[in-house]
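The sequence and structure are shown below.

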Amino acid sequence: MSLVKPKNIEENLLFLLKKGPQKCLDLVTKIKEIRPQTTKQAVYASLRALNMDQSIVIAKGVASLNLSWLNEMNNFLESAKHSHTGNLGSGNFLELEDKERIKYYFQTSEKTDIFWTHAYYLMIEQLKEGEPAFLYNPHEWFMLGRSHNEKALLQATVQKNIPFLMTVAGNTPLDKYVASNFDGTKSQYNMLAKPMFKENNYYLNIFGDFLIEVWLDKEIADEVEQLYQTATSFDEDAKEKIQKILSRQGRMRLVISRNHKKATKLKKTLARDFAINQKNL
């Protein structure tokens with residue numbers, strides 16, 4: 001692949017997206033200017049291929065480079081990530097005013113997690129050094145099903161000197177299994193005796209005044225819960241079940257909002273179980 005002198009449609013799309021998120025319709029126009037014989041159908045096929053390959057993220061008709069993918073590219077990282085986080089364009093969720101929100105919908109847990117991770121990377125770029133990222137999951141099962149992605153996200157957070165504070169709503173064998181991924185200082189992991197929220201499909205991330213709230217499909221969440229309540233170890237059977245759950249079709253909702261009052265209240269509640277400097281909240 002050559003992004004300096006792109007040759008095929010996919011390379012040209014990645015090159016164009018280096019400058020920041022763009023509407024898919026605009027990308028079709030730009031590709032046709034570069035490659036006059038290219039059809040609209042061919043451009044959309046390439047966009048779908050890049051999305052499937054997790055090189056890009058598509059939401060509400062807007063394509064963006066996947067920052068998780070960018071973080072794994074040595075040569076392309078510095079210039080592309082700088083452009084992508086520093087030139088976000090109008091209408092981006094980082095431009096939300098207090099009490100504003102934007103909703104996204106996805107069909108699988110895996111697709112949800114891909115965009116979720118992308119949004120997470122953008123959020124930690126906005127945090128000050130020492131300011132923690134709070135995460136609440138009923139269970140941190142993405143660490144089991146998308147381990148490489150989750151570990152890279154955790155590592156990227158602590159490398160920026162941002163405390164990674166994870167709270168989960170259980171202490172089953174699978175909950176305990178992922179504890180070794182946290183060092184107890186820069187990354188901390190708290191297992192609750194009972195859930196903080198009633199819904200077993202509700203996930204929460206807090207970054208300053210910003211919140212990412214995710215509601216997984218209820219049937220899928222029930223499958224996750226059933227697995228966690230019955231599995232005694234993370235064996236091959238558990239791995240297979242998690243991969244099947246990740247690919248299951250359903251209705252997932254992801255909401256990004258900016259709400260100072262709500263975020264402050266939730267951070268104070270979650271912070272009680274962590275060893276952190278309260279001045280950084």
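## Strand pairing

The model is predicted. Strand S1 (residues 22-23) runs antiparallel to strand S3 (residues 62-65), and 2 bridges join them. Lys-23 has Val-62 in S3 as its bridge partner.

S3 also pairs with strand S2 (residues 56-59), again in the antiparallel sense, over 4 bridges. Here Ile-58 stands opposite Ala-63 in S3. The hairpin of S2 and S3 has 2 residues between the strands, and within this hairpin Lys-60 takes a positive phi near 50°.

In soluble globular proteins, nonpolar side chains tend to be buried together. In this model, the largest nonpolar core has 73 residues, and Phe-93, Trp-141 and Ile-256 are those with the most contacts inside it. Helix H6 (residues 109-124) contributes 9 residues, the largest share of this core.

Beyond four places in sequence, Ile-256 touches a set of residues that includes Phe-93, Leu-96, Phe-115, Ala-119 and Met-123. Among its other contacts are Glu-100, Arg-101 and Tyr-104, as well as Leu-211 and Ile-212. A second, separate core has 16 residues, including Ala-169, Leu-211, Val-255 and Leu-270.

## A buried asparagine

Asn-137 lies in strand S5 (residues 133-137). Is this residue buried or exposed? Asn-137 counts as buried because its relative accessibility is 3%, and the cut-off for buried is under 20%.

Leaving aside neighbours within four places in sequence, Asn-137 is in contact with Met-166, Thr-167, Val-168, Ala-169 and Tyr-203.

Definitions and conventions
Residues numbered from 1 in each chain as written. Predicted model: local features only at pLDDT ≥ 70, side-chain atom pairs only at ≥ 80, totals over all residues. Heavy atoms only, no water. Pairing = 2+ DSSP bridges. Core = buried A, V, L, I, M, F, W, Y, C linked by side-chain atoms within 4.5 Å. Buried < 20%, exposed > 50% of the residue type's maximum accessible area, 1.4 Å probe, protein only. Contact = heavy atoms within 4.5 Å.
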